[in-house]
Amino acid sequence: MGIFSALRRWLFRLFKKKSLKIGLYGAPNAGKTTLANRISMDWTKEAMGLTSPIPHETHEVIQKRVEISLGKKKITFDIFDTPGVATKVDFHNFVEEHGMDEAEGKRRAKEGTEGVIEAIEWLDKMDGILLIMDSTLDPFNQVNVTLLGNCKARSLPVIIVANKVDLEGAAPDKIKKGFDEDLMVAISALTGKNMKGLYKAMIKKFQ
Amino acid sequence: MINLISLEKLSDMSPEERIRFIVDEVKLGKVLVLERGLTAVEEMELIKITMAEIDNQSFVGVETPGFSISAKKRSFFNRMLRRKNPPRMMVVGPAHLLKTIRKDGKVVQAMLLTKDNLRPMREEEVEGTTEIKIDETMEEIPFSEPPPVGDEIRVSAPNGVEPPPPPEDFRKIHLDDSQIEMKKEMSSEEVEN
């Protein structure tokens, strides 16, 4: 699987594919949709999706084409905002923590599970990954490690995005230390802090 | 129930069989300790199958406290040869029974949820369980002390099963006459020496 992905990317470089598919992956509430909206607003003046503190708000893959240009360098990306990947989805959480009734909670839970499956299936179609981690939480959860491991198994170029650096308790250095073999950029998708650093990294890593 | 799964058993199965085995066992409420954990690709497949099997009644997903592969740094030699770290020991259990408390590169702390702190999956499951009720008129007896001799502790079980007899008081060691004589002889020999 990794060999074919690497070959596909080499052929792309040879024949200059029009756009690169970049997937935004991570656990629920890591800030994927917030980042997707930030990128989309910066380059197209349009948002991509709805954000909410309720997990699994994004329950299907949403795509948008953006052209990122910095100086003379210009690359066209198809940004894919994906549902958060999780190992468990419990409708009780929607009922108890977010005030939904049982029927609505079960509906959201079902959407959440279907979204996770769709996100995993789309991974094979990506040319590069932005792996978004909440820098206020422990980054060594099973989802982050599994996603990163899958990117490497598929030879997918990946940028670890340490998000939410605007919040108290943010520890992007912990992410950098723990994943020191990978390129990491610390940002705040909400406030726009260091987005230029992320765009530079995307042009450098994914070109 | 906690099952330790050996490397031999895991190696005898194909990746698909391994994941199917894990999901089936976890759905039965078992916590599995795998001598060799899953690869990242296998874990992703486990997540995918888990999501398809969540039924909002008895199975809400899996909890996988284990050592992070990335947390263990690859040696320079492995990095040069592009060798991945082998999967390490892994625990997989039902998400409503197993909770990861803390995790770093060296220690993984997880908790098995008991009936006291467990949120019931279905109300009928809780109502149907056997519960031992202690008579409300009885004074509360701390666990560190044995029950007082002569007092009757009334325990009733809703299913009508007779309670077991109260435990013996093991602090009192009853010696017969010959053992008492032997003790006296031993203590007098010690005094002479």
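Q: What makes a stretch of residues a helix or a strand here, and how are such elements numbered?
A: Helices are DSSP runs of H or I with at least four residues, strands are DSSP runs of E with at least two, and both are numbered from the N terminus. The model is a predicted one. Under this convention, Ser155(A) falls in the loop between H5 and S5 of chain A.

Q: Why is Ser155(A) called partly exposed?
A: A residue is buried with 20 or more other C-beta atoms within 10 Å, exposed with 12 or fewer, and partly exposed in between. Ser155(A) has 15 such atoms, and is therefore partly exposed. Its phi is positive, about 55°, although Ser155(A) is not a glycine.

Q: What makes Lys45(A) exposed?
A: Lys45(A) has 7 other C-beta atoms within 10 Å, and the limit for an exposed residue is 12 or fewer. Lys45(A) lies in the loop between H2 and S2 of chain A. Lys45(A), which is not a glycine, has a positive phi of about 65°.

Q: Why does Phe80(A) count as buried?
A: Phe80(A) has 24 C-beta neighbours inside 10 Å, against a threshold of 20 or more. This residue belongs to strand S3 of chain A. Leaving aside neighbours within four places in sequence, the contacts of Phe80(A) include Ile22(A), Leu24(A), Val61(A), Trp122(A) and Met126(A). Between Phe80(A) and Thr58(A), 22 residues apart in sequence, the C-alpha to C-alpha distance is 11 Å.

Q: Which residues touch the most other members of the largest nonpolar core?
A: They are Val85(A), Leu131(A), Ile160(A) and Val161(A), in a core of 70 residues. For Val161(A), with residues up to four places away in sequence not counted, the contacts include Leu35(A), Leu130(A), Leu131(A), Val185(A), Ile187(A) and Leu198(A).

Q: How many bridges join S5(A) and S6(A)?
A: Strand S5 (residues 158–163) and strand S6 (residues 183–186) of chain A pair in the parallel sense over 4 bridges. Ile159(A) is bridged to Leu183(A) in S6(A). Together with helix H6 (residues 172–178) of chain A, S5(A) and S6(A) make a right-handed β-α-β unit.

Q: Which strands are the edges of the open sheet in chain A, and what makes them edges?
A: The sheet has 6 strands in the order S2-S3-S1-S4-S5-S6 (chain A), with mixed pairing. Strand S2 (62–70) and S6 of chain A are the edge strands, as each pairs on one side only. From one strand to the next, the twist averages 30°. Helix H2 (residues 32–44) of chain A packs on this sheet, its direction making about 50° with that of S2(A). Helix H7 (residues 195–206) of chain A lies across S1, S2, S3, S4, S5 and S6 of chain A, at about 95° to S2(A).

Q: What is the strand order of the open sheet in chain B?
A: Its 4 strands follow the order S1-S2-S4-S3 (chain B), and the pairing is mixed. The edges are strand S1 (2–5) and strand S3 (62–63) of chain B, each pairing on one side only. Strand S2 (residues 31–34) and strand S4 (residues 90–94) of chain B pair in the antiparallel sense over 3 bridges, with Val33(B) opposite Val91(B) in S4(B). Helix H2 (residues 15–27) of chain B packs on the sheet, touching S1, S2, S3 and S4 of chain B.

Q: How many residues does each chain give to the contact between chains A and B?
A: Chain A gives 24 residues and chain B gives 23 residues. On the side of chain A that touches chain B, H5(A) supplies the largest share, 7 residues. By class, that side of chain A has 12 nonpolar, 8 polar and 4 charged residues.

Terms used
Residues numbered from 1 in each chain as written. Chains lettered and ligands numbered in written order. Predicted model: local features only at pLDDT ≥ 70, side-chain atom pairs only at ≥ 80, totals over all residues. Contact = placed C-beta atoms within 7 Å. Nonpolar A, V, L, I, M, F, W, Y, C, P; charged D, E, K, R; others polar. Core = buried A, V, L, I, M, F, W, Y, C linked by C-beta atoms within 7 Å. Pairing = 2+ DSSP bridges. Right-handed = clockwise from strand over helix to strand, strands pointing away. Axes fitted to C-alpha atoms, helices over the stretch in contact; angles between N-to-C directions.
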